[in-house]
Amino acid sequence: VQYFLLVLRACASALGAPPALHTCQGLASCLPEKGQVNTSGPRLLLATLHPASSSSTAMDRIVSALLLSLLLLLQSYGACGAPPQPRGTLCRTKPTDLVFIIDSSRSVRPQEFEKVKVFMSQVIEGLDVGPNSTRVGVINYASAVKNEFSLKTYQTKAGLLQAVRRIEPLSTGTMTGLAIQFAISRAFSDSEGARVRSPNFNKVAIVVTDGRPQDGVQDVAARARAAGIEIFAIGVGRVDMHTLRQIASQPLDDHVDYVESYSVIEKLTHKFQEAFCVVSDLCATGDHDCEQMCISTPGAYKCACKEGFTLNSDGKTCSACSGGSGSALDLVFLIDGSKSVQPENFELVKKFINQIVDSLEVSDKQAQVGLVQYSSSVRQEFPLGQFKNKKDIKAAVKKMAYMEKGTMTGQALKYLIDSSFSIINGARPGVPKVGIVFTDGRSQDYITDAAKKAKDLGFRMFAVGVGNAVEDELREIASEPVAEHYFYTADFRTISKIGKKLQMKICIEEDPCECKSIVNFQTKVEDLINSLQQ
């Protein structure tokens with residue numbers, strides 16, 4: 001970045017017009033001059049050069065190319081606002097010998113097996129691959145076992161990804177125990193590239209299966225764990241959950257995962273990227289008091305806020321959604337309290353709700369919050385406007401009792417339309433209505449009509465899914481554009497990250513962003529970067 005800035009200054013000097021450098025402090029305060037673009041990384045606005053005298057077309061092209069090159073080099077993007085958290089420095093993967101043990105029996109259809117390959121590729125993408133860092137092997141099994149490639153075969157990420165794409169399903173039986181034994185005796189052997197067990201190296205196996213094995217797994221899995229191999233077990237569809245628990249390492253909550261179908265297995269990618277992550281600074285370890293963002297510096301850290309938030313005088317907390325009538329909002333949470341959620345996860349859901357409440361300015365003229373829980377029936381916990389401050393709302397959320405039973409999401413959506421956003425229940429005419437639907441499984445009733453009606457009435461609907469939530473149902477609930485209103489995580493323990501995203505998205509600012517053209521240009525560059533990375 002410094003290099004390109006020096007070149008820009010040199011070009012500017014030759015033209016007699018030094019570039020203007022502005023620090024962008026917030027959405028409302030960002031007032032671009034003609035031709036500015038947001039580089040976001042160091043939060044500078046670089047003005048393109050407009051000398052008083054006419055300059056050559058060639059020089060104009062050079063300067064434009066340099067500006068675009070600078071944008072492409074930066075890895076963090078965002079609208080005008082507080083500095084972003086650095087990327088690529090907070091997490092590195094501990095050197096690991098990783099072996100995927102993949103079921104390709106006849107019950108796994110070809111298109112489903114392609115989903116497993118995508119999952120493996122995405123996990124590999126997040127690793128530090130190399131002979132002295134992480135090595136990866138793949139065992140493909142059905143009635144027999146096939147060693148697709150060993151830990152020593154590929155030493156680059158590109159080589160691994162190409163090899164994964166070439167794997168074909170075997171389409172016979174399901175000899176899971178045989179595959180685990182092969183991993184012990186062959187895949188994790190010195191001759192195949194495995195390293196001597198030590199505190200500096202992990203040995204990890206990820207087993208993916210969709211059925212009941214035709215052989216025993218309990219004893220062989222115990223031998224694998226005794227040999228120092230950490231085993232994660234992923235079950236799909238009609239898998240036998242007892243088998244997964246026999247295979248996996250302790251604690252089982254961390255090492256056993258289930259997905260309803262192969263179409264959603266990719267959603268486990270993030271969990272495994274985090275599992276292999278080794279943190280090495282105060283921000284990443286959580287040893288800080290920052291409310292929103294922590295930025296690492298050598299031996300220290302500093303706090304920052306997201307776009308639309310302001311860092312308070314304590315240097316740690318942030319104020320959000322402040323300002324007059326432009327921040328008025330009627331927000332209702334629609335929370336799945338079905339039996340599948342489990343009591344300990346329901347407590348995490350309550351923390352998720354209060355995390356979002358913390359980002360609001362609650363009052364009669366600003367944000368009002370209501371809460372509805374549903375399972376086989378629907379229960380209003382408290383209506384809009386009943387509580388006039390955050391403290392009372394959060395206390396009421398903490399007291400909410402878990403309903404258990406079924407999952408009648410359609411009935412809950414109908415209640416939201418007919419009751420929650422009615423004037424008799426505290427809704428204010430002319431004030432934006434926002435609904436946040438949280439669920440962890442497939443609805444037991446029909447949701448299409450109610451989901452459509454809510455959006456037709458102008459309600460802004462967010463859909464948050466966890467675990468076995470069905471993607472098609474979440475998308476049906478979410479407002480347009482769906483990508484901005486639909487969220488999913490495989491694990492309840494990571495819903496706080498969704499909460500942070502929602503804090504910004506439900507925030508209604510008094511003034512629109514003055515940098516709209518810059519943000520639009522920046523969005524196009526982000527899309528280009530994403531496509532290139534893919």
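This is a predicted model: local features need pLDDT of at least 70, side-chain atom pairs count only at pLDDT 80 or more; totals for chains, interfaces and linings use all residues.
Okay, let's start at a loop: Pro251 lies between helix H7, residues 241–247, and helix H8, residues 252–255.

For background, most peptide bonds are trans. There's another cis bond, joining Glu480 and Pro481, and omega is about -10° there too. Pro481 sits in a loop as well, the one between helix H15 (471–477) and helix H16 (482–485).

While we're on backbone angles: most residues other than glycine have a negative phi. Now look at Ser171, where phi is near 60°, a positive value. You'll find Ser171 in the loop between helix H4 (157–165) and helix H5 (176–187). Is Ser171 buried, exposed or partly exposed? Partly exposed, because its relative accessibility is 39%. Lys405 isn't a glycine either, and its phi is positive, about 70°. That lysine is in the loop between H12 and helix H13 (409–420). With a relative accessible area of 62%, Lys405 counts as exposed.

Let's zoom out for a second. The protein has 18 helices and 21 strands. Out of its 534 residues, 50% count as buried. And if you take the contacts with a separation of 6 or more, 73% of them are between residues 24 or more positions apart.

Next, a pair of helices. You describe two packed helices by the angle between their axes and the distance between the axes. Helix H11 covers residues 343–357 and helix H12 covers 390–399; they pack at about 170°, with axes 9 Å apart. An angle over 145° counts as roughly antiparallel, so that is what H11 is to H12. Who makes the contact? From H11 it's Lys350, Ile353, Asn354 and Val357, and from H12 it's Lys390, Ile393, Lys394, Val397 and Lys398. Sorted by class, that contact has four nonpolar, one polar and four charged residues.

On to the strands. Val138 is in strand E6, residues 135–141, and is buried, at 1% relative accessibility. Glu148 is 10 residues away along the chain, but the C-alpha atoms of Val138 and Glu148 are separated by 5.5 Å. Beyond its sequence neighbours within four places, Val138 is in contact with several residues, including Phe100, Met120, Phe149 and Ile167.

Thr439 belongs to strand E19, residues 433–439. Thr439 is buried too, with a relative accessible area of 4%. Setting aside the neighbours within four places, its contacts include Asp336, Tyr374, Thr407 and Leu474.

Last stop, the rings. How many aromatic pairs are there? Seven. Take Phe149 and Tyr154: the ring centres are 5.3 Å apart and the planes are at 85°, so this pair is edge-to-face.

Methods. Residues are numbered from 1 along each chain as its sequence is written. Side-chain values use heavy atoms; hydrogens and water are left out. Rings of Phe, Tyr and Trp (its six-membered ring) pair if their centres lie within 6.5 Å; planes under 30 degrees apart count as stacked, over 60 as edge-to-face and the rest as tilted. Axes are lines fitted to C-alpha atoms, for helices over the stretch in contact, and angles run from 0 to 180 degrees between N-to-C directions. Helices (H or I, at least four residues) and strands (E, at least two) are DSSP runs, numbered from the N terminus. Angles under 35 degrees count as roughly parallel, over 145 as roughly antiparallel, 65 to 115 as roughly perpendicular and the rest as oblique. Contact means heavy atoms within 4.5 Å. Ala, Val, Leu, Ile, Met, Phe, Trp, Tyr, Cys and Pro count as nonpolar, Asp, Glu, Lys and Arg as charged, and the others, Gly among them, as polar. Buried means under 20% relative accessible area, exposed over 50%, partly exposed in between (1.4 Å probe, protein chains only).
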